[in-house]
Structures are given as structure tokens and as C-alpha cells.
Amino acid sequence: MGDVRWRRVASQIGRSVAVWVVSTLTMLLLAGLLPDFRLRSADGGSATDIAVTAALGAGAFGLLSALVWPRLVRLLLLVPALVLGLLVFFLNGGLLWLALWLNPVERGSAAPETAVVVAAVMSAVASATGAALAVRDDDAYRRRLYRLADRRRRSTGPAPATPGTVFLQLDGVGHDVLVDAVRRGLMPTVARWLGTVPDQTDGTAPAATDGTAPDTADRAAPDTAPAAADGPAPGMSGGLATGTAGGAAPVPAPGARPTHRLIPWRTDWSSQTGATQLAVLHGSNHDVPAFRWYEKERREVMVCNRPTSAAELERRAAAHAGHPGLLADDGASRGNLFGGGADQQALVLSIATRRRAPGTRSRAGYFAYFSDPANAVRTALSFVAEVGREIVQSTRARWSGQRPRVSRGGLYPFVRAFATVVQRDVVVAAVTGDLLAGRTSVYADLVAYDEVAHHSGPRGRDTAKVLERLDRALALIENVAEHAPRPYRIVVLSDHGQSPGETFRSRYGLTLGDLVRAGCGLPVPRRAGRTHSGAEARAAVRAALRRPVEEGVEQYRPTRRDEPIVLASGNLGLVSFPDVPHRMSKEEIDARYPALLPTLANHPGIGFLLVRSDRHGGVVLGPHGAEVPLDRLDDDPGPLAAFGPGAAEVVRRTHSFPHTADIMVNSFHDPATGEVHAFEEQIGSHGGLGGAQSRPFLLSPLTLTPPVPEGAELRGAEEVHRVLRRWLAEADGTASPAAPGREHAA
């Protein structure tokens, strides 16, 4: 035992010395290349003095980074998180200056901008060297995880023996997109869980290289997966669900036993993160008709990604469901719109405007991540690289004449980099901390794919790279879970998919608001206004910058009280008349604006309308005078026929909401191509009915009971919540394994 311990100490010392030597050589190289960086005084110095100066300077910089950096970040925690990430370079430059000043042999000098460059390069080289050495030493990596877990156990006590559950939401990744990514070899971790191999005729995509945990990339995807303890659960086989759409299914791997099952589920009419995540985390999305809607009695536009609206929706959902949320029992919520009743919340939008205890601050997760200088520099460099990647990709799309296409200029490259790098890295780090702390349940949202797909389309080179990186994040979390103080089940799900298609404005030359104003006989502006797209990522950026998310609300307000308010949620539009206190009926709208409903219903870019009716209660309107009462949709779907089974059910449910708009507008949908026309500037959209946006996935371990009985369909986010609650109860021993049929019957 003593020999093993000394070998470990010697190995650690050897790695530290190696990093020091590489840092010294890097400093010498930079001193030779950069004219404004000197390791000797103006009157010169011997080669030995210069080498000693570099060695001492590199050592001092390393010590300052290890000792001063965490305290410096804690002092700067009040600085907006995104700004702190961008300040990493300048803070490192200051530490380099201090290291040179403390050097007892020779005080070097560096211009301010040069110090920033030198510090960034040295931190990156030191991080890469340490990571490369750690990758070659599996024992060192495992010991590091064990030390972290042991440290947390000493501070929090032993973890329960019952298994914990981590729920990972891949925002916007549809079921068919996931299946296709597995088939193409983009997601080897998910493929291993499903016991499949890539389709070799399609080619295997290369692994992505970015800043996500380079010291675990090779180790995070072992060749073989552990078999499920009890084998496939009764009533449903493991791996891919039967009847998979969207291309050929992945090929089963010979001799491999799947550890997870994959099924699609069907969203509500409002197929967007706000409605889905509210229901999944809190059990109810009652009265959430869209991502944005107007509430007449409050004279307010509710927006799911506005902190004040999110807090109000969370309060309403908890009251309607009768419980605080999915994560109320020792849970953690990371990177979500809502808290789910968790005691530990970080990067959660609904608490962004409220003061909470330190463990529940919206941005508390940033400190835990950026307190490590290697993490900070790696993420900052990846951020810059992602901005450059987006500029190159958008330029290539513009020069090649790619269609459909939307504008990707302005701040979008930075928003994309925040979603695909900063938010991902910080959330994954928070989840790994929760696992090592032994929390009972964790729910985290990774928004990277959703943000990129809005602007690049659901399928293509841009989104393929994002899926590769998300798979690496899953592999890292799986690897950390193996070293956690309690066993964990990893459940992966999505909140919605995305449907492709040219925007309504691009296809027809006008916005939905223009069309509504024309139908009302109002003047139509020449230039249509744009709505904000990429809502989840933009909300996270605003929260990180502490900018009031209420900005831009005026775009929804008409210039006169009697003019309609037109809101867009993907390919779902909402028209409200603010001067009428109640929800207007078809008869009232026809009397006031005789041309409005026919104008909308007969437009080729619109699939159907939902309005209240004094005669029928509610009706669906379509082209050529189609008018079907809601209670007859099962016999005669009329305009809903193109939207598939289940459309009538979700339309009737939305009609029952108190705050459903006067006119609900769903865009055209082509069943052959799956395309829709978003009323926002998005070529990959979600929010309404039509195509893949309504078909997300649920990937769960075989050790859990099946989500629904075999042959049944999982319908609606509220039913998903009941399934997840049942799984948590099974871990505590408070639910019977025979429960799957009960939620479905409800």
C-alpha cells in the first residue's frame, strides 16, 4: 500500500513538473516571438538568467492561477456572468503582470495587450498539457473523481443507497433527428445505450473537438456498456421502439445488450419549451396556449422566457397541480426556465429577478465553473472559436445561395456561442457537481441544438456538429455518475422537435401581422417587423447580462387600443383584440371585420384557424369556407386532416384555456415534406402543429418501468411528468412496478 501511495505521489509530481517545463518553454517562445514581451531588463542578461526568469515566472503564474483565481472570481461574482467569461483574458493578463513583478531574478515586462495574449496562451497550453497527461492515466482521473466525491460526502454525510435520477433535456432534438444521428454515428454514446452500430453505408462522422472536458473524451465512451441489471422491462423491448419514422433505424450491434429504450411522444398544440418544461417539471401547463400570448384582464403580454412571466407561470402551475414540482425532494434544477420545486437552482430563469439563498441563485453555477482558470480559458477560447465558426458557416450559406435562409448577423454569432459553449459547459459542470454531491434528482436543459437549428435548419452540417458535442456531454455525465456516491439512472428527453421550412415572410412577402391588418382594413407597413428568435438562448444571455428581459415588449402593443395584437410562436400565431374584454366569437369578429377570417383561412400559407363560436362553442376554419365544430372533428377532421392523429385532441384542449387568443392561427403544413411556415424568422421552428416539432423523444434505462404499456402512445407533457414522478417514486420504494398503465389511463 505504501509503494502504491508513493507511486501516486511521484506521478502527480511528475505531471506538475511536466506542466511547469512546458509552461516555461512556452513563455520563452512567446518572449522570442512577441516584441512587447521581455524576460530581461533593457540592459540585457545571460541566457541562464533568461531561462531562470522564465521558469520562475511560469511557476509564479501557475501558483497565482491556482491560489488567487478562485478568490478573484468569487469577488467578481456580482459581475454579469457572460461579461465575466469575456473578462477571463484580461484577468489572466493581470495575473501574468503580477507574476513578472514578483520574480526575484529579473523583472520582465509586457504591454497590456501582449500580457493578455501571453496569459491566454500559457493557460491554454498548461490546461492542454495537464489534460493530455491525465488522459493517459486512467487511475489519476478516477482518483480525482473519488477525491471530489469523498470531499462532498464529508461535508454532506453519506448518500442514500437508493438510486438517484438525472434528467437531461436536449432542447429541440426531435425523435427522428436523434434516430438519424445514431444511425450516422454522430452520437456513439446514445448508440451504445441502444445497442446499435452506425450505418456504415452512410459513413461515420468524425468526433467533434471542442472545449468540453478534453481529459475525459477518450474514456467517456467505453467499448462495451454494462448490461441492465434486470434485462428489458416487461411489456416493452429495449433499444429502439418499433415503427420508427424518419429514415432507416440504426443496425443492432451483434452481441450488444441495450441498456436504454427509446420512444417518441406527442406534444401539446403549443410545442415549445415553455409549455413542455412547465408541465414536465410542475405537472401542469394549463392555460399556456403558446410561447407568447395576451391576457386581456391584465393588459399584459405573457412571454415564457421573461423572468417575471416564468415566475408567474410557475406559481400558477404549482397551484393547479397541487404540489411544488418534480424536484421537490432533494432535487436540483440547472439551466431551465422553471425550478421544478428544487432546493438547488442555478441558471434558472424564473428566479432571475428574485433574491434567493446562495444555493438557489440564478447565476450561482457560473462561479463553480469559472473559479477554475483552466475551465475559464478553455471556455473563452471555445467561445471565440464558435463565433468564428458561425461567421464562416453563415457566409458559406449566403455565398452558396442556400435556401431557405434567414439573417444570421448582428449579435447572433455571440448568442449561438453562448448557447453551444458557455451554457453547455456551465450546465454540464453543475450536473456533475450534483452527481458527486449525491442529490436525489437533477433536471438540466441543454439548449445548443435548438438555437442552431432555428437558424441553420434541423438537419445539416451545423447541427450535426452540435449533436456530436451533446453526445460527448452525455458521455461525460455518464462517466462521472459511475464515481458518484450513489447509483444513478440517466434519462434523456426532449421537449419538442423542429420542423423545417421557409418563413412565412420570406415565402409570401408579408408577415402574419401584415395579413391581419389587411383583413381588418388597416394600413399595412412596407417593412415587416421581426420577432425575436432563438428564445431560450437569448433569454439565458439576457439573464447572464442582467438585462431586463421586458425589453422589446412594446413591439407587441398596437398603436391604438382598437387595433389587434398579433403574436408569433414559431408557426403558431395569435390574434387578440385588446379593446374587447372577453374572447371574441366568430360572429362578433365577422360583424366587426367581415373580411378578416376569410382572408386568413384562404391564405395558402395558413393551415387552419381556431375561433370561439356562439353557435357551436368552438370551430376550426379552413380554406374554401371549411368550418368544422370542435365536437365533430373526430368524424370530420376537415382542415386538421393534414396534421395527423391527435390534432383534434390538442386543439380542443387549447380551446378550453381561459387565455386562448381570439383567433389561433396555425401555418400550412406539407405532410409529404414535413415543412411549415414559421411566423418568426426561423427556418427550423416549433410552437404549433405540423411535422417533427410535435414528436420529441424519451430515452430511459431498462431498469425503469416502461413509460406506457406496449402499443400505447405517450401523449402530452403532463403525462410525461406523471411518468417521471412514478420513476422517482420507484427509486424510493413508494411506487409499484405495475404503475405504467395508470398515467396513460388518466
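User: In this predicted model, which residues of helix H15 are buried, and how many of its residues is that?

Analyst: The buried residues of helix H15 are Ala448, Tyr449, Asp450, Glu451, Val452, Ala453, His454, His455 and Ser456. Helix H15, which spans residues 448–456, is therefore described as mostly covered, since a residue counts as buried when its relative accessible area is under 20%. The number of buried residues in helix H15 is nine of nine.

User: Which residue just after H15 takes a positive phi, and of about what value?

Analyst: The place to look is just after H15, where a glycine takes a positive phi. That residue is glycine 457, and its phi is about 95°.

User: What is the order of the strands in the open sheet of six strands, and which strands are at its edges?

Analyst: The six strands of this open sheet are paired in the antiparallel sense, in the order S15-S16-S20-S17-S18-S19. An edge strand pairs on one side only, and this holds for strand S15 (565–569) and for strand S19 (627–629). Neighbouring strands of the sheet are turned against each other by 20° on average, with direction ignored. The edge strands are thus named as S15 and S19.

User: How many bridges join S15 to S16, and which residue in S16 does leucine 567 stand opposite?

Analyst: Strands of a sheet pair through backbone hydrogen bonds, and the pairing can be parallel or antiparallel. For S15 and S16 the sense is antiparallel, and the number of bridges is five. In the hairpin of these two strands, two residues lie between the strands, and glycine 570 takes a positive phi near 70°. Leucine 567, for its part, stands opposite a residue in S16, namely leucine 574.

User: Which residue in S20 is the bridge partner of valine 575?

Analyst: Strand S16 pairs with S20 in the antiparallel sense, and four bridges are found between them. Within S20, the bridge partner of valine 575 is isoleucine 663.

User: How many bridges join S18 to S19, and what is the bridge partner of valine 620?

Analyst: Strand S18, made of residues 617–621, runs antiparallel to S19, and three bridges join the two. In S19, the bridge partner of valine 620 is valine 628.

User: Which strands does helix H22 lie across, and at about what angle does it run to S17?

Analyst: Helix H18 (residues 512–519) lies across S15, S16, S17 and S20, and it runs at about 150° to S15. Helix H22, in turn, lies across S17, S18 and S20. The angle at which H22 runs to S17 is about 40°.

User: Is aspartate 662 buried or exposed, and which side chain does its own side chain meet in a polar contact of 2.9 Å?

Analyst: Aspartate 662 lies in the loop between helix H22 (647–655) and strand S20 (663–667). Because its relative accessible area is 1%, aspartate 662 is buried. A polar atom of its side chain lies 2.8 Å from the backbone nitrogen of methionine 584, and residues it touches include Val575, His582 and Leu610. The side chain that meets aspartate 662 in the polar contact of 2.9 Å is that of lysine 296.

User: Why does glycine 322 count as exposed?

Analyst: Glycine 322 lies in the loop between helix H11 (307–321) and strand S10 (331–334). A residue counts as exposed when its relative accessible area is over 50%. Glycine 322 is exposed because its relative accessible area is 65%.

User: What pLDDT does the protein average, and where is the pLDDT below 50?

Analyst: Of the residues, 62% score at least 70, and the average pLDDT of the protein is 78. A stretch with pLDDT below 50 has 17 contacts in the model beyond near neighbours in sequence, and this stretch is residues 135–142.

Conventions. Residues numbered from 1 in each chain as written. Predicted model: local features only at pLDDT ≥ 70, side-chain atom pairs only at ≥ 80, totals over all residues. Heavy atoms only, no water. Buried < 20%, exposed > 50% of the residue type's maximum accessible area, 1.4 Å probe, protein only. Polar contact = N/O pair within 3.5 Å; in protein donor to acceptor, adjacent residues only side chain to side chain. Contact = heavy atoms within 4.5 Å. Pairing = 2+ DSSP bridges. Axes fitted to C-alpha atoms, helices over the stretch in contact; angles between N-to-C directions. pLDDT = per-residue confidence, 0-100. Lists of a residue's contacts leave out its neighbours within four places in sequence.
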